[in-house]
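This report describes one protein model, going from its sheet to the helices and then to the nonpolar cores. Please look at the sequence and the structure first.

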Amino acid sequence: MSRPFNFSAGPSALPMDVLLQVRDELLDFAGTGVSVMEISHRSQPFMDFAHRTDTAVRRVLAVPSDYHVLLLQGGSYLQFSQIPMNLFHQKKTADYIHTGLWSEQAANAARQYGEVRIIASSYETGFDRIPEINESNINLDAAYLHYTENETAQGLQFSKPPVSSIPLVCDACSSLMSKPLDISAHDLIYASAQKNMGIAGVTMVLLNPAILDKPLASTPQVLDFSIQAQKQSLLNTPSTFSWYVLGLTLEWIERVGGIDVLYEINKKKAQHLYDVIDKSNGFYTNGVWSDDRSINNVPFHIAETNLEDLFVKEAQRNGFHGLKGHQSTGGLRASIYNAVTLDAVQALGAFMREFERTHG
C-alpha cells in the first residue's frame, strides 16, 4: 500500500499494523458481530477490553500500583483547568515553568482558579532552551509545580524531570510513551492520545491519589478526579473507539519491544533531521540548544523565508504531509512521533537536502 509520509503534529500518524487491525475488526469487535463504535461501554466484551488496556498502560509505563489510570475526554485544554480545580483545595496557588506555547496556555488557564507563579522561563531568549530551575525558588506553600515535558511548537524538551519538593505535575501530551519517564517521580501526568498513543478523543491521566482532596466547590462531577477514579473513568459514556485504538496501540508498542526500543529509534530519527539542518550551512536553521532539542517535534526555518511556502508545496507533491509550522511560530516542522518510521525520516532528510541543493 503506497501512502504519503505523515509528519502531522496531531492528530498524527498511526502504526500501519494498528490501522490494518482497525480495518479488519471494524465490523466485528471481539466476536460480537458489531463494531466497537456500536457496542455498549458497559457490555462484557468492552469491559474486558478496558481492563486489558488499563493493565497494559500500567505495564508499559511502569505505573505505581496505587496510582489511578484515568482515561478522560477534553484533551490537554480541559486538563489545564481540571488540574487546578482538583488540586486548589487548601492551597490556591501553583508554580509553573514557562517553556513555550503550551506551558503558557496551562498557566493562563490556572489563573482563573488561583494564583500562578512563573518560577523559571526561557521567554527572554525566545524559548531556545530549558531554563535553569532553582529549587529554592519553588513556593513550598504551592499546591503543585507544573511543567510541559515537550513543547510541540517551540521544539524543546526536558532531558529529565525538574526536582521538586512539592507535588509535580507534568504535561506529557506530545511525549508520553515516546521515551522513558519515571512515573513515580510525578504526582500527576496527563497526555492526549493523538500523538504517540492513538487517536483524538481520550486523554490519559496518571494520578497519585495522595494529592487528592475535595475539589473546588464549583467543580462538576465529571471533572472530579476522585469520582472518575471511583467510576473507573466510566461516569459517563467514554469515547469507546478512541479507547479501542489506544488499546491496539499499546499492544503494538509491546510487540516492537516497548518504550526503550522506541526511544532509541526516536533519537535516531531526530538526530538525522538535526544533522540535515546543522549541516546545511545556514540554509535551514533551528535555534534550540542542542541538549534541549525535542525528539518529537523538529521545527525549523529556511533562511530565505519566502521559500518556506514553496517547500511545503513541493514536499506535498513528493508525498510528505504535515510540514507547515505551528501558526504561533511559523516556519516548518516535522513531528516524528512513534508511528513515523526511520525510513520516512530518512526520505524527508533526502528531500530537504535536494531542496537545499536546488534552491540554496
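Predicted model: local features only at pLDDT ≥ 70, side-chain atom pairs only at ≥ 80, totals over all residues.

Residues are numbered from 1 along each chain as its sequence is written, and side-chain values use heavy atoms, with hydrogens and water left out.

**The sheet**

Helices (H or I, at least four residues) and strands (E, at least two residues) are DSSP runs, numbered from the N terminus. Two strands are taken to pair if DSSP finds at least two bridges between them. Seven strands form an open sheet with mixed pairing, in the order E2-E10-E9-E8-E5-E3-E4. Its edge strands, E2 and E4 (115-121), each pair on one side only. Direction ignored, neighbouring strands are turned by 20° against each other on average.

Strand E10 (residues 203-207) has a partner on either side, as the table shows.

Buried stands for under 20% relative accessible area, exposed for over 50%, and partly exposed for values in between (1.4 Å probe, protein chains only).

**Helices on the sheet**

Contact means heavy atoms within 4.5 Å. Axes are lines fitted to C-alpha atoms, for helices over the stretch in contact, and angles run from 0 to 180 degrees between N-to-C directions. Helix H3 lies across E2, E8 (168-171), E9 and E10, and runs at about 160° to E9. Helix H4 (residues 101-110) also packs on the sheet, where it touches E3 (93-98), E4, E5 (145-148), E8 and E9; its direction makes about 165° with that of E3.

Ser-76 belongs to H3 (residues 75-87). It counts as buried because its relative accessibility is 15%. Leaving out residues up to four places away in sequence, Ser-76 touches Cys-173, Tyr-190, Ser-192 and Thr-203.

**The pair H7 and H9**

The axes of H7 (residues 259-278) and H9 (residues 342-359) come within 9 Å and cross at roughly 5°. The two helices are therefore roughly parallel to each other, a term for angles under 35 degrees. Among the residues that meet are Leu-273 and Val-276 in H7 and Leu-348 and Met-352 in H9. By class, this contact has seven nonpolar, three polar and three charged residues. Here Ala, Val, Leu, Ile, Met, Phe, Trp, Tyr, Cys and Pro count as nonpolar, Asp, Glu, Lys and Arg as charged, and the others, Gly among them, as polar.

Ser-280 sits in the loop between H7 and E11 (284-285). With 2% relative accessibility, Ser-280 counts as buried.

**Nonpolar cores**

A nonpolar core is a set of buried Ala, Val, Leu, Ile, Met, Phe, Trp, Tyr and Cys residues joined through side-chain atoms within 4.5 Å. The largest has 56 residues, of which Leu-61, Leu-176, Met-177, Met-204 and Leu-206 touch the most other members. Helix H6 (residues 240-255) gives the most to this core, with eight residues. Another core, of 30 residues, lies apart from it and includes Phe-283, Phe-311, Ala-315 and Phe-355.

Terms used
Parallel < 35°, antiparallel > 145°, perpendicular 65-115°, else oblique.
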